[in-house]
Amino acid sequence: MQSEVITIRTGSRPVVRDITHEAERFLAGKGDGLLHVFVPHATAGVAIIETGAGSDDDLLTALDDLLPADDRWRHRHGSPGHGRDHVLPAFVAPYATLPVLGGRLALGTWQSICLVDPNGDNSTRQVRFSFLPG
Amino acid sequence: MQSEVITIRTGSRPVVRDITHEAERFLAGKGDGLLHVFVPHATAGVAIIETGAGSDDDLLTALDDLLPADDRWRHRHGSPGHGRDHVLPAFVAPYATLPVLGGRLALGTWQSICLVDPNGDNSTRQVRFSFLPG
Amino acid sequence: MQSEVITIRTGSRPVVRDITHEAERFLAGKGDGLLHVFVPHATAGVAIIETGAGSDDDLLTALDDLLPADDRWRHRHGSPGHGRDHVLPAFVAPYATLPVLGGRLALGTWQSICLVDPNGDNSTRQVRFSFLPG
């Protein structure tokens, strides 16, 4: 298994960050197999969605609605409402698996690999790409 | 890695479509390993749930409740409320991985592999099955 | 592929049960590859979250809020509101994949592998660990 960690700048606000290009770079020259994407963080997830047409912002809004950043959470470290960031990975998992054919992602036309980071307290995040040859 | 794309008829209404039989057919004659199920679409997901006892309809109702098809979404192409279909894959991921032993799915008694398609604008969908020998 | 089923005691109340140690035990002596965690049950999921700081209870509360155990569900076997337990695996999938390096989980500092069992009607659950060498 080939495995590599990259660092992604996520800034100080909640963000859906497209990391498809970074994944393609990692896969260049590889064959058929499975790409495993993993974020080694307890307050971030990986989503496969369309970007650039509003859905990235729609996802952040949906998360604000479904997991509000208010005082309901028992986990109280960090910024107010931060407890909800710790629940997010149960719904938006910190991993994804994607088919790779001839070193290229077999994604649909409108699919992108996205790092979902609701947590503005960390300005950079790590992402681990692993390739399992099939 | 053996990989194959099939086409599933989903019709013109939101649907939870059991694709377990199609997966079993793909796996016939294979050994131990991992089945990877992938839908190359930005408005569909894969869920492992029970079918035939109401839970498939319950899932569609829950999705209507959690991600309402109204005018809140920034993504505004297609049918009214369609923006929510683009957020769905963040919560119901477009992939799943399942253990395979001796060419057979090691599912629990009540588990089925389901294509979740809230989007009535597409009457057919593609599903990619891949088998990673272990 | 090496694959093994263990039994986890979950008791008679909804629970988020940390199974990281059990996974580590399974992986001892193995090399690089992917850990696949799978629960062969239609009313449980696997989540990668922090435990011991309130987030495990926060997750159960969020599930009560998002998928209420009331009479809205068509699936009506078992305890009142049990239908929602059957919808849960669409959102908290019954599988997870995690990178393994030198027989050790490459988790982040605050990440744990958790069995999410909202269903108090079953006091034990099975978990299948599989290791795909890379």
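**Notes on a three-chain predicted model**

1. Let's begin with the sheet in chain A. Five strands form an open sheet in the order 1-8-3-5-6, with antiparallel pairing. Strands here are DSSP runs of E of at least two residues, helices are runs of H or I of at least four, and both are numbered from the N terminus; two strands pair if DSSP finds at least two bridges between them. At the edges sit strand 1 (2–9) and strand 6 (104–105) of chain A, each pairing on one side only.

2. Before going on, a word on conventions. This is a predicted model, in which local features need pLDDT of at least 70 and side-chain atom pairs count only at pLDDT 80 or more, while totals for chains, interfaces and linings use all residues. Residues are numbered from 1 along each chain as its sequence is written, and chains are lettered from A and ligands numbered from 1 in the order in which they are written.

3. If you want a place to look, A:Gln2 stands opposite A:Phe131 in strand 8 of chain A.

4. Next, how the copies relate. The copies use different surfaces, as 16% of the contact residues of chain B recur in chain C; residues are in contact if their C-beta atoms, placed from the backbone, lie within 7 Å.

5. Now the contact between chains B and C. Chain B gives 31 residues and chain C gives 25 residues. On the chain B side, the elements that give two or more residues are strand 3 (33–38), strand 4 (45–49), helix 2 and strand 5 (95–101). Helix 2 of chain B supplies the largest share of that side, 6 residues. By class, the side of chain B that touches chain C has 20 nonpolar, 7 polar and 4 charged residues (Ala, Val, Leu, Ile, Met, Phe, Trp, Tyr, Cys and Pro count as nonpolar, Asp, Glu, Lys and Arg as charged, and the others, Gly among them, as polar).

6. A helix pair is worth a look here. The axes of helix 2 (residues 55–66) of chain B and helix 3 (residues 83–91) of chain C come within 9 Å and cross at roughly 70 degrees (axes are lines fitted to C-alpha atoms, for helices over the stretch in contact, with angles from 0 to 180 degrees between N-to-C directions). That makes helix 2 of chain B roughly perpendicular to helix 3 of chain C, a term for angles of 65 to 115 degrees. B:Ser55, B:Asp58, B:Leu59 and B:Ala62 meet C:Gly83, C:His86, C:Val87 and C:Ala90.

7. Finally, one residue in chain C. C:Ala62 lies in helix 2 (residues 55–66) of chain C. C:Ala62 is buried, with 22 other C-beta atoms within 10 Å (buried takes 20 or more within 10 Å, with C-beta atoms placed from the backbone). Leaving aside neighbours within four places in sequence, C:Ala62 is in contact with A:Leu67 and A:Val87.

Note on methods:
Two residues are in contact if their C-beta atoms, placed from the backbone, lie within 7 Å. Angles under 35 degrees count as roughly parallel, over 145 as roughly antiparallel, 65 to 115 as roughly perpendicular and the rest as oblique. A residue is buried if 20 or more other C-beta atoms lie within 10 Å of its own, exposed if 12 or fewer, and partly exposed in between; C-beta atoms are placed from the backbone.
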